[in-house]
Amino acid sequence: MKSRKPRSKRQTGEMGRRAFLSGLGGALAVAALPAAPIAAAAGISGDEAKAAKATRATPERMTIREACPGYSGIPLGGIGAGSIEIKPDGTFRDWLIFNMGAWDPWLPPGQTQAPNPGITDHSLAFFLWTKEQGREPICRRLNVDGRQQDLYSLGWAHSVEAIEFAGEFPRADLEYVDKTLPVKVRASFFSPFIAHDSRTSGTPGFHGIFTISNPGKRAVNCSLAGTLHNPLASGAPDNVARKLSNTIRQHGRTCSLVMETTAQIPERETVGSLALSFTGGRASYIAEDFGRYLGNGGFFYGPLGAPFQSFLVPFRESGRLPSLPAAGCPAKLLQLDDRQIAKLTARQAEELVAELGKTPSLRSVVMMAERVNPEYVRGRLAKDLLRDLRHALDYYAGKDRAALDFGAGALCTSVKLEPGETVEIPVAFSWYFPYHISARGPELGHQYEHWFADAAEANEFLVENASEHRGKVSSFVGALGSSNLPAAMRFSWSAQLSTLVKCTWWLRDGRFAVFEGLGCCGFETMDVTYQGSAPILALFPDLEMNQMGLTASYQNSSGQVPHNFEPDFDTIDQYGWGRVDLNPQFIMVVCRDYLWTGDKNYLARMWPHVERALAYMNSLDEDGDGLPERGTRLNTYDQWALQGTPAYIGSLWLGAYSAAARMAGDAGERETGRKIGELLEKARASFDKKLWNGSYYNLWFHQGEFDPCCMTDQISGIWFTSLAGLKPALPDGRVREVLAKIYAENFNPEQGLVNASYPAGTVPRFPAYGNLQGTATWTGIEYAAASFFLDYGMTDEAIAIVEAVNRRYSRAGRWWNHVECGNHYYRAMSSWCSLVAATGFKPDLAAGCLRIAPRFANLRAPWFSAQAFGTLHYAPHALTVNCLAGEMAFRSVITPIRPPKARLNGRALTGKVTAEDGLWRLDFEENVRLAEGSKLIVAGA
C-alpha cells in the first residue's frame, strides 16, 4: 500500500516515541551525547584555542551514555500458543513456540533431554538494502546487536545507528535511526491480541509492518529481506531423517516461505511447521539452504583458495535473492574422494556441478569460479571445482554430512520509492507444533489445532485479516494510552498483560490456565489468580471462567480447592489442597466473575463448590467466633509460619462471607444467605477484638499472644471485595486508617512497598522479623495495594507506589517481565486493578447495574467490562462514556453526578433518581445498550 506523504503522529493518533520514552524516564534510550572540545575541558584560554584551531582541527571527545540493556521485550504470539520476544535492540529472542523449554519444562516419558532447535539471536532477522540513483548500495541489519556484526569480512553490513523502541503490549514500535540511509524506516510488530475475542487472540503467530519513506529528492530502490533458521525435527540424527520440505507460495501480492517436516522421530517437540510471508513489492527468495550461509557465513579452505561465503554478499550487489526452487539437501551429493572425482567423465562432472549449483550457497562458489574461468563449470576444470565444492560441503554439513544446519530460508521484497513516497510492507510469521505431550504421557495438544491445519493456514489467516487486526489492536492500545494519569500508571496497565501470551496453556480439549511463574510453580495457582486474574476477566471472560472451572473440578471431598496444577491440568502439585487462603479467595473470585459477567449459569455451576468451600472454612473455626484458629500456617506467604488467627487470613474470611452472602441471595438460597450474614457479623466483631491494636491489625493472634508486625496485605479481603463492587466488611474510616499506617511503615520510594515491617516501639518476633518474603517487594502486592489506596481516595500514595515499581524495573531493563517466584509472574497482572480503582468502573451486570465513581476530579481513562471497552471523561458535573468495541447492557447507573440526567447518543433517557452510599443512582425505565460507537453522557443540572 503506497501513499505520497507519510501521515504524522498527530494524524494517526499514535503517541510519539520520544514522548513515550520520556514519560517512562528515558529508560530505553541509549545515545551518544554531543562531544565537548578538549581545549575547553582543559581550561585553555580563548586566544590559545583560536591559535590552535588555526593550525589543526579541534579534537573532540566522544561521550557515551548507556542505560541498562533491555532484558525484556514484547512477547509476540497467541494466548496459549507460544511466543517470541522482540527486544529493544531489534532482535527476536526467547523462542517459546516449541513444546519444551521454559514454556513446558517437563519432558515426555522416556525422554532424557529436549532436542536443541539451534535458535540464536539471528534465527529470524531482517535486512534493508537501498540503492539511491547514482550512488553505491547500502546494506543494513535492522537491529543494534553488535555481536551479530562481522567486522572482518562484512564490515559494510552495519547495524542501523540506533533504534527508538516503544513497547505498548501487544505492540512494539521501532524506528530505525540511521542518517546514512536515504530512507526512513519504521516497523510495528504486534500480536492479534483482540479484547473479547479469545479465538483470534490464540493465533500461533504475529504481524509486522515495515514502513519505508523516501524524504529525499532522488528515487531510491529498496529491498527488505528476512531470513529464517529451520529448527524443525531438531531431534533427528541427520538431515535425511528430518524430512524437511520448504516451499515458496505466491498468493496474490503475498509471497510465503513455508517450512514443514514429515519426520517420525521420538523427540517430537519440534515436529511441525513454520511460515513467513511478505505482502507487496517484487518478491525474491532462497527456498532452502544452510543456516550458516544465511547468516554471517564464513570461509573454508579448498583447492581454489579460501572464499568467503554469505548470502549478504550477492544481496549487497543486487538487492535481490536468487529465487532458486527447493532442490533438497545437497549434503549426500558429493561424498567422493579425489580418486573417485578423477574417474568421473567430463559430462558427469559438469552435471554434478550443475546439480550442486541449485543450492544458493554452492551456486555462489560456482559463480565465483565461472567468473575466473568458465571451464570450471563447463570444461576441463570442472573436477577441480568439484573438489572445492566438496570442501564447501564439509564446511556446511560436516565431513560426515550429518550437521543439522540445512533448511534455512529467506524472503525478499523489492520496491522503488519516488521522492516523497511511502510504502508499507506487511509481514506475518506463524508456527504450528501440535506434539505437546505431558510428562505423565497423555498428548495435550493445543487449542489452535482446531482452527488451523498447519502454519501456512495460520499465516493465511493473519494475512487475510491483517487490516482488521491492526485496527483493533490500535484501538486497544489507543484506549489504554488515552488517560491523563501519570505515565507509569498508564504503562503498568498493559505491560504485565504480556503474561497472557508468555505464560499460558490452552489445551486441545479446551482447558486453559496461566503459569504462576514462567516454567515454574504450576498452573492456575489460586492464591495468585486472586490478584492476577482481573485483566483476564475484563478482556477474555471465557478464559477466566474456564480456569476457575478447572480449579472447582479438583475440589476435594473436604471442600478444599487445590493450590495449582503440574505438570499438566490433571495433576495437583505437591502442596495439594493444604493452603488455607485458597478457599476464601476462590469464593471471592467466583463472585467477582459472576458480578462482572452477569452469567447466571456460571453461578449455578459454581455455587455447590462455594458451599463446600464455606463448609471447610467453618471447620477451621474452633471457638465459633467466625474466624479460623487452626491450619493457618500454610498460605501464599509460605515462609512466615503464621499461627492462630492471622489478619491476612481473617480478612479473607470477611471477604468470602460478603461474597457468599451476595451469591446465596442470587442463587435463591435465602436461608443460607441469612446464616452467612450472621457469620459475617460475628467474624467482623472477632476480627477487631483479636487483631486491632489501635492503629493497624497485628500479624496474628494465638492463645493470648500476638505478633505486632505490620503487614501490607493485612486486610486483603477488604481490598478484593471493595474492588469487585461489594460492600466492604470494615468501615471506610478504619480502612483509610490502616492504609495510612501501611504506607507510613512499609513504603520507601527507593525500594517500593515491602510486604511487612515492625513499627518503631514494637518488639519483633521470629520468623516474621527479617523474613525474606516480609522484607521483599512483590509487584503483584504493590500494584494491588496501589489500587486499594486509589479505591479509598488516597491517590498520591497510590501513584507513588506505582512509580516506585516502574523506576525499579525500568532501571533493571525488565519492563515486561516482573519477578516473584519465577519470571513473568502472574500476580503482577494485578497492575490492571489500578485502572479499575482509578475509574471506579465496577459493573454488577448480575443486577443490571453499572457503577462509575472516578477517584480523580478530572479524569480521562479507558474502561473495560467483560463485554466491551471504551474511554470515559469525568469532570465534577459531567461523565462521558464512549464505547469503542463490544456491547454492554444495564438498567441502572451509579455516579457521583448530582442530580444525574442521562443521554445516549443524544437521546434523553428517563428514570428514577435516588441517593446511594454517597453517590447517585439512576434507574432507567428501559435497558440501556452501550454498543460500539455509542456515547453515554451523565450530567448534573
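The expected span of a helix is taken as 1.5 Å times one less than its number of residues, with helices (H or I, at least four residues) and strands (E, at least two) being DSSP runs numbered from the N terminus. The structure is a predicted model, in which local features need pLDDT of at least 70 and side-chain atom pairs count only at pLDDT 80 or more, while totals for chains, interfaces and linings use all residues. Residues are numbered from 1 along each chain as its sequence is written, and side-chain values use heavy atoms, with hydrogens and water left out.

Buried here means under 20% relative accessible area, exposed over 50%, and partly exposed in between (1.4 Å probe, protein chains only). On that scale, the buried residues of α10 are Pro360, Ser361, Leu362, Ser364, Val365, Val366 and Ala369. Their cover includes β18, β20 (308-309), α9 (346-356) and α11 (382-397), where contact means heavy atoms within 4.5 Å.

Strand β18 also belongs to an open sheet of six strands, ordered β9-β8-β7-β14-β21-β18, with mixed pairing. The edges are held by β9 (158-159) and β18 (282-290), each with a single partner strand, so one side of each is left without a neighbour in the sheet. Two strands count as paired if DSSP finds at least two bridges between them. Within this sheet, β7 (residues 124-132) and β14 (residues 220-228) are antiparallel and share nine bridges, with Phe127 opposite Ala225 in β14.

Five of its seven residues are buried, so β12 is largely enclosed by the rest of the structure. Strand β11 (residues 171-177) pairs with β12 in the antiparallel sense over six bridges, and the two form a hairpin with six residues between them; Ala172 stands opposite Phe189 in β12. Strand β12 also pairs with β13 (residues 205-213), again antiparallel, over seven bridges, and here Val185 faces Ile212 in β13.

Turning to helix packing, the axes of α20 (residues 600-619) and α22 (residues 670-691) come within 13 Å and cross at roughly 35°. Axes are lines fitted to C-alpha atoms, for helices over the stretch in contact, and angles run from 0 to 180 degrees between N-to-C directions. The contact involves Trp607, Glu611, Leu614 and Asn618 of α20 together with Thr672, Ile676 and Leu679 of α22.
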